[in-house]
Amino acid sequence: MTLSGTSFLGYQRGRTGGAVFHATDLASGQPLSPPAHAAHPDEVDTACALAWQAFRAWRQRPDADRAAFLRAVADGLDARVADLVAVTCRETALPEGRVRGETGRTSGQLRLFAGLLESGAWMDARHEAADPARKPAPKPALRSRLIGLGPVAVFGASNFPLAFSTAGGDTAAAWAAGCPVVVKGHPCHPQTSEIVAEVIVAAARATGQPEGVFSLLFDPGHALGQALVSHPRIQAVGFTGSRAGGLALMKIAAARPQPIPVFAEMSSVNPVFLLPEALATRGESLAAATHGSYTMGSGQFCTCPGLLVGDVADPASPYVAKLRELTAATPALSMLSPAIAARYREGVAHLRGLPGVQLLAEGAPAGERQARATLLATTASAVQARPELLDEVFGPCTLLIHAPGAQDKLRLAAALEGQLTCTVHATAADLAAHADLLDELELKCGRLVFNGFPTGVEVNAAIVHGGPFPATSDGRSSSVGTFAIQRFLRPFCWQDDPRRG
């Protein structure tokens with residue numbers, strides 16, 4: 001395995017000579033070699049021109065061609081899993097099992113979209129036959145279907161270096177829609193991105209795809225992303241990251257002479273509502289599951305439960321007591337980068353400093369690249385006075401909110417911003433007594449979970465991983481599952497086309 005750290009412009013490698021940056025071996029804190037080379041400004045133009053040229057040809061090819069390409073990428077990733085483990089674990093501090101599992105998820109969603117292409121269902125084809133004798137005017141023959149938007153800029157995510165990055169869900173959905181992709185690799189894991197890009201280019205060559213179906217550009221900052229979103233050949237954007245980052249890209253895209261859609265997954269605290277009977281009958285087991293969910297992956301999942309809502313004022317209750325015990329016993333948790341660890345500490349410190357917030361428990365002291373699990377508590381009335389208590393802290397921190405009555409919970413739900421998920425733990429009697437709460441939560445999220453936890457997103461035809469703003473920039477979309485293809489498609493109609501009847 002020999003890595004060069006240079007971009008991919010279609011089938012060609014980018015130039016050296018520009019700015020260089022290093023990923024970090026998070027176990028040792030040392031920079032990894034070779035360094036990554038930032039893409040030159042003219043290479044953005046080259047990648048986008050190749051993507052546009054490829055789009056003009058690729059959109060006319062049979063769906064089976066794209067399906068074969070997707071499957072070849074999936075097979076190639078599975079074959080390189082040992083290389084990915086060796087590199088990704090160093091760059092991200094993720095354990096081997098997580099990297100292997102995420103590789104399988106990435107190849108699995110590529111195969112999922114290949115199957116969707118082979119079914120033909122993705123295009124939503126419709127036909128209205130002509131009726132020349134219709135009065136008062138003849139009826140034309142109409143055929144319609146969904147077609148691809150054009151080249152898509154995809155931003156690699158820090159917290160999913162495979163499943164939401166170079167060949168991740170955004171890329172797979174765009175390819176399935178017939179849209180070439182230009183990826184901005186995440187600066188925290190450039191070597192992982194380079195290995196995946198090698199797989200993609202080999203698969204594209206082997207299956208005879210146009211050269212520009214894929215490019216990967218490196219950059220340590222924001223200039224490349226701004227240039228991509230501004231480029232006239234880019235027709236849509238896929239992004240997973242911070243609210244500030246998503247909003248910045250949306251602003252750039254809206255200011256273009258031709259505005260384009262930005263499908264950004266940005267911010268979610270994924271509230272968990274603990275209804276009375278469920279809390280009373282299974283408090284300790286709920287606490288164990290809560291702890292497992294909010295510390296899973298060091299709390300660096302977009303579905304991490306950051307709010308726990310219920311009658312939780314009594315520190316001696318089975319749920320609160322067990323959750324405090326488990327939190328206090330949590331070891332220091334490795335974060336994806338020193339910068340993310342620093343932002344986590346800042347977020348926790350801000351939340352702890354707000355009036356009405358109490359520290360209930362925290363885990364083992366953490367180093368510079370680690371996080372300390374943190375359990376905080378407040379009340380529904382405090383939240384009403386200070387809505388910033390509902391802001392996301394990215395990492396293993398969760399906030400208990402004492403909301404004892406049905407109306408307390410309902411008011412809190414009404415105050416929520418849009419979320420990726422909401423969760424309800426309830427018995428049948430609880431559900432009947434809180435019907436208004438369930439109705440409100442349907443308006444607030446893209447996925448409502450019953451008697452489970454939101455971490456762990458299925459990848460299939462029925463899943464929705466989206467939600468109202470600011471969970472995403474467009475609440476009509478999903479970034480996981482076959483719904484995701486719809487982001488990169490538009491309806492098109494042929495009228496009286498003699499080639500189609």
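In this predicted model, Arg-487 is buried, with a relative accessibility of 4%. Its salt-bridge partner is Asp-170, and the closest N and O atoms of the two lie 2.8 Å apart.

Across the whole structure, 24 salt bridges are found. One of them joins Asp-83 to Arg-80, at 2.6 Å from N to O. Asp-83 is partly exposed, with a relative accessible area of 23%. Another connects Arg-500 with Asp-497, whose closest N and O atoms are 2.9 Å apart. Here the partners fall into separate classes of accessibility. Arg-500 is partly exposed at 33%, while Asp-497 is buried at 11%. A network of salt bridges links Arg-15, Asp-42 and Glu-43.

The largest nonpolar core contains 94 residues. Phe-69, Val-73, Phe-113, Trp-175, Phe-214, Ile-401 and Phe-488 touch the most other members. Helix α6 supplies the largest share of this core, eight residues. A second, separate core has 22 residues, among them Ala-47, Leu-224, Val-229 and Ile-260. Phe-113, in the largest core, has contacts beyond its neighbours within four places in sequence. These include Leu-70, Gly-169, Ala-172, Ala-173 and Ala-176. Gly-481, Thr-482, Ala-484 and Ile-485 are also in contact with Phe-113.

Helix α6 spans residues 190-206 and has 17 residues. The distance from its first C-alpha to its last is 24 Å, close to the 24 Å expected at 1.5 Å a residue. Of the 17 residues, 13 are buried, so α6 is largely enclosed by the rest of the structure. Just after α6, Gly-208 adopts a positive phi of about 70°.

Nine aromatic pairs are present in the structure. Trp-58 and Phe-69 have ring centres 6.1 Å apart and planes at 70°, so their pair is edge-to-face. Trp-58 lies in helix α1 (residues 41-58) and Phe-69 in helix α2 (residues 63-79), 11 residues apart. Trp-58 is buried, at 0% relative accessible area. Phe-69 is buried too, at 0%. Phe-492 and Trp-494 also form an edge-to-face pair, with 4.9 Å from centre to centre and 80° between the planes. Phe-492 is partly exposed at 31%, whereas Trp-494 is buried at 18%. Trp-58, Phe-69, Trp-175 and Phe-214 make up one aromatic cluster. Among these, Phe-69, Trp-175 and Phe-214 are also named with the core residues that touch the most other members.

Arginine side chains also lie over aromatic faces. Arg-66 is placed over the face of Trp-58, at 5.9 Å from the ring centre. Arg-13 lies over the face of Phe-8, at 3.8 Å from the ring centre.

Pro-31 is in strand β5 (residues 30-31). Beyond its neighbours within four places in sequence, Pro-31 is in contact with His-22, Ala-23 and Thr-24.

Methods:
Residues numbered from 1 in each chain as written. Heavy atoms only, no water. Helix = DSSP H or I, 4+ residues; strand = E, 2+ residues; numbered from the N terminus. Expected span 1.5 Å × (residues − 1). Buried < 20%, exposed > 50% of the residue type's maximum accessible area, 1.4 Å probe, protein only. Salt bridge = Lys/Arg side-chain N within 4 Å of Asp/Glu carboxyl O. Contact = heavy atoms within 4.5 Å. Core = buried A, V, L, I, M, F, W, Y, C linked by side-chain atoms within 4.5 Å. Phe/Tyr/Trp six-rings, centres within 6.5 Å; stacked < 30°, edge-to-face > 60°. Lys NZ or Arg CZ within 6 Å of the ring centre and 35° of its normal.
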